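Subject: Structure handover

Hello,

Here is the structure I promised to pass on. Please open it first, then read the notes below.

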Amino acid sequence: MHKRIALITGATSGIGLATAHLLAKNNFKLIICGRRKDRLAREKALLGDFTEVHTLTFDVRDQQAVKKAFESLPDNWKAIDVLINNAGNAHGLDPIQSGDVRDWDAMIDINVKGLLYISKEVIPGMTTRKSGHIINMSSIAGKEVYPNGNVYSASKFAVDALTKGMRMDLNPFGIKVTSINPGLVETEFSLVRFKGDQTRAGSVYKGFKPLLADDIANVILFVLQQPDHVMLADITVFPTAQASSTLVKKEV
Ligand code: 8X3
């Protein structure tokens, strides 16, 4: 049976990693991308039991590095069927008046510009073949702003706008574009946001059962298993305890 090629950014941890493992067991070949060469090599070895894997090492912020990485793809890996724009982070949770410019730059460069740089490399092949599926990992923060979420939210609102724009522009080519908007998922997300502060990061997920990376991976697989004529356009996923970005039922 024909295996689709899926490219996943941010594949060395969290949702990206869980998705790589699930897709490997479900008839996909994988291009896994990340900054950390050693982690990619380790995952390639593990995933290799289930499927063919190719790795690309780059920082999504570096457009030249992204371009070079895609140029290096062997011919049999060039026809990417599925792009999962997963790489993304939050940096800081500060009010706008005291936000750190380096945090703002990181979020806009990774979450918005990085997504564009990757898409720019993948989309031409999809338009030529008149097929493909792009899944953009957004966030509930891309639908609702919450206090101190300012720039992170802005970056995810941008992802939401780009998803809608891609869906329109790629409509003539039969390319599917899906946005997935998770709420609270327990990954390294909060540890990165709070710059390694374990206590602060841990407290985000205390008192309720958060989503896990595997839960989002399951949604991605479901999205990819739909028939050709079915496009899941926009999916928000909450843990049951969550009703909005600021309303979470916690046990005290
Ligand atoms: C992750 C969801 O609510 O922590 O993007 O911003 S939230």
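First, a term: angles under 35 degrees count as roughly parallel, over 145 as roughly antiparallel, 65 to 115 as roughly perpendicular, and the rest as oblique. Axes are lines fitted to C-alpha atoms, for helices over the stretch in contact, and angles run from 0 to 180 degrees between N-to-C directions.

Some background. This is a predicted model, in which local features need pLDDT of at least 70 and side-chain atom pairs count only at pLDDT 80 or more, while totals for chains, interfaces and linings use all residues. Residues are numbered from 1 along each chain as its sequence is written, and side-chain values use heavy atoms, with hydrogens and water left out. Helices (H or I, at least four residues) and strands (E, at least two) are DSSP runs, numbered from the N terminus.

**The sheet**

Start with the strands. Strands of a sheet pair through backbone hydrogen bonds, either parallel or antiparallel. Here seven strands form an open sheet, and the pairing is parallel. The order is E3-E2-E1-E4-E5-E6-E9. (Two strands pair if DSSP finds at least two bridges between them.) Strand E3 (53-57) and strand E9 (234-237) are the edges, each pairing on one side only. From one strand to the next, the twist averages 15°.

Now E2, residues 28-34. Seven of its seven residues are buried (buried means under 20% relative accessible area, exposed over 50%, partly exposed in between, with a 1.4 Å probe and protein chains only). Phe28, Leu30, Ile32 and Gly34 lie on one side of E2, with Lys29, Ile31 and Cys33 on the other. Both faces are covered. E1 and E2 run parallel and are joined by five bridges. Isoleucine 5 stands opposite lysine 29 in E2.

E6, residues 176-182, is also mostly covered: seven of its seven residues are buried. Lys176, Thr178, Ile180 and Pro182 point one way from E6. Val177, Ser179 and Asn181 point the other way. E6 has partners on both sides in the sheet order, E5 and E9. With strand E5 (residues 133-137), E6 pairs in the parallel sense over five bridges. There, valine 177 in E6 is the bridge partner of isoleucine 134. Serine 179 stands opposite aspartate 234 in E9.

**Helices on the sheet**

H4 lies across strand E1 (4-8), E4 and E5, and runs at about 170° to E4. H5 packs on the sheet too, touching E5, E6 and E9. The direction of H5 makes about 160° with that of E6.

**Helix against helix**

Two packed helices are described by the angle between their axes and the distance between the axes.

Take H4 (residues 101-129) and H5 (residues 150-169). They pack at an angle of about 15°, with their axes 8 Å apart. H4 and H5 are therefore roughly parallel to each other. H4 passes H5 in a right-handed crossing (right-handed if the near helix is turned clockwise from the far one by less than a right angle, left-handed if anticlockwise). The contact (heavy atoms within 4.5 Å) involves residues of H4 including Trp104, Met107 and Leu115, and residues of H5 including Val151, Tyr152 and Met166. By type, the residues of this contact divide into twelve nonpolar, three polar and one charged. (Ala, Val, Leu, Ile, Met, Phe, Trp, Tyr, Cys and Pro count as nonpolar, Asp, Glu, Lys and Arg as charged, and the others, Gly among them, as polar.)

H3 (residues 63-71) also meets H4. Their axes come within 9 Å and cross at roughly 25°. That makes H3 roughly parallel to H4. H3 passes H4 in a right-handed crossing. Gln63, Val66, Lys67 and Phe70 of H3 make the contact with Tyr117, Ile118, Glu121 and Val122 of H4. These residues divide into five nonpolar, one polar and two charged.

**Two residues to look up**

Tryptophan 104 sits in helix H4. Tryptophan 104 counts as partly exposed, at 27% relative accessibility. Leaving aside neighbours within four places in sequence, tryptophan 104 is in contact with Ile96, Gly99 and Val151. Its C-alpha atom is 9.9 Å from that of alanine 154, 50 residues apart along the chain.

Asparagine 86 is in the loop between strand E4 (82-85) and H4. Is asparagine 86 buried or exposed? Asparagine 86 is buried, with a relative accessible area of 11%. Beyond its neighbours within four places in sequence, asparagine 86 is in contact with Thr9, Gly10, Ile15, Gly16 and Met137.

Best wishes
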